[in-house]
Amino acid sequence: MGHVLIRGAELIVTMDDDRRELAGADLRLRDGCVAEIGCGLAPEGAEIVLAEGCLVTPGLVNTHHHLSQCLTRAVPGAQDALLFGWLRTLYPIWSRFGPEEFRVSALVGLSELALSGCSMSSDHQYLYPNGARLDDTIAAAREVGLRFHATRGAMSIGESKGGLPPDGLVEAEPAILEDCIRVIDAFHDPDPGAMIRVGIAPCSPFTVSPELMRDAALLARDKGVRLHTHLAENDEDIAYSLERFGCRPGQYAEDLGWTGDDVWHAHCVKLDAQEISLFAQSGTGVAHCPCSNCRLGSGIAPVRAMRDAGVRVGLGVDGSASNDGGSLIGEARQAMLLQRVAQGADAMSAREALEIATRGGADVLGRPDCGRLAPGKRADLAIWDMTGIEAAGLWDRAAILLAGPSRVRDLFVEGRQVVRDGRIVTHDLGAAVTAQTRIARRLAGL
């Protein structure tokens, strides 16, 4: 593996344990790790990457996505719907997907994330129509070169049994558990520095049975993998839980073994004070998806209260059918602004939001080896050119979420360059975008 020296950065925001910010410093990458940080480091035969006028941060971390939804952005019938109506509009479209749709959409979605500074992403794939498998998106992640946490999602309760999805999109629960075992055995890497990990992720309390939730938790702990699902996303979600299970979502999760430091839940917009305390005490993580929550009118998640209580919080762009984009740096800015809207201009600083987007997300995914720049941590970093118009007049170079570029100049993952001079270098992105456009037009009947 190459030896790289990032030289002369205007500022390195390390997000290490001391939250150091180093001006005019260098950063050495070797064997997939950060080897050294300091001023005036010797070349030692390294490939030199000049970073004058640039901000260097850890790579951003995306803790919740549905990559296949990149094929269904701004679908007319779903543009102005709340969550349940939005899903009912899109399920029939998604039922026409197959392996190629999942692979191409993941190529585009992961590339979009990379260009926004993201070096590690999870994905929640809970639909497997027409022969699609989790393998399809894992193959795309390997091609793009991002660190990837694939989760084997599932739906087992269709409309005929009181669920939300069409019966044709659900699976038998024994088959779901069998395939979870298959993909874990085939792809999950538990070692530090892993590029691929696998989790178990039944879609939501309104699409699977309590028995599958409980069995999934038992299987995940037997296999040593993490658990993920949607929880407390909006008022409809809360009403469904109270009517169907006789309790709030947090209690339902606790009863079925879905709290703990190996669990993270998406959204959690409607958690109350008791549920926030439960999550803090149990070490349960949250994937905060502010743009999607705005787009679907779900509300503003109580992130300030979660953070103050000690809940681990990361960011997620969510699916591009409920966000219509996949910019993680944009998601971090939105998270900061929404907390200020809800609680005042001092509710969240630009630095805190950037921390949530980096080490916060890494901790939610159980990756203390990522999300910070320090010797021995993984060599995942973003280089932001601060000489352009977006940062002109910016006094505080670390405040990139207030004023700065929305696209990286360079992105390194495991010490390998994925973005160079603002362009993906690991695969032919133009060909993937062309394929995605063709598929989307076919699905739309154009």
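Q: What percentage of the contacts with a separation of 6 or more is accounted for by residues 24 or more positions apart?
A: The model is a predicted one. Contacts here are heavy atoms within 4.5 Å. Among those in the protein with a separation of 6 or more, residues 24 or more positions apart account for 75%.

Q: Why is the protein described as being as compact as a globular protein of its length?
A: The protein contains 13 helices and 17 strands. For 446 residues the globule rule gives 22 Å, and the protein comes close to that figure, so it is as compact as a globular protein of that length: its radius of gyration is 21 Å.

Q: What are the rough dimensions of the box filled by the C-alpha atoms?
A: The box is taken along the principal axes of the protein. Its dimensions are roughly 65 × 45 × 40 Å.

Q: What percentage of the residues is buried?
A: A residue counts as buried when its relative accessible area is under 20%. Of the 446 residues in the protein, the buried ones make up 62%.

Q: How far apart do the centres of the positive and negative side chains lie?
A: The protein has 44 positive and 59 negative side chains. The distance between the centres of these two sets is 3 Å.

Q: Which residue of β14 stands opposite V56?
A: Strand β5, residues 54-58, is mostly covered, with five of its five residues buried. Strand β1 (residues 4-13) runs parallel to β5 and is joined to it by two bridges, and I12 stands opposite V56 there. With strand β14 (residues 381-385), β5 pairs in the antiparallel sense over five bridges. In β14, the residue opposite V56 is I383.

Q: Which residue in β8 is the bridge partner of M120?
A: Strand β7 (residues 118-125) is mostly covered, as eight of its eight residues are buried. Three bridges join β7 to strand β6 (residues 60-62) in a parallel arrangement, where N62 stands opposite S121. Strand β8 (residues 147-154) also runs parallel to β7, and six bridges join the two. The partner of M120 in β8 is R147.

Definitions and conventions. Residues are numbered from 1 along each chain as its sequence is written. This is a predicted model: local features need pLDDT of at least 70, side-chain atom pairs count only at pLDDT 80 or more; totals for chains, interfaces and linings use all residues. Side-chain values use heavy atoms; hydrogens and water are left out. Helices (H or I, at least four residues) and strands (E, at least two) are DSSP runs, numbered from the N terminus. The radius of gyration is taken over C-alpha atoms; the globule rule is 2.2 Å times the number of residues to the power 0.38. Buried means under 20% relative accessible area, exposed over 50%, partly exposed in between (1.4 Å probe, protein chains only). Lys and Arg count as positive and Asp and Glu as negative; His and the chain ends are not counted. The place of a charge is taken as NZ of Lys, CZ of Arg, CG of Asp or CD of Glu. Two strands pair if DSSP finds at least two bridges between them.
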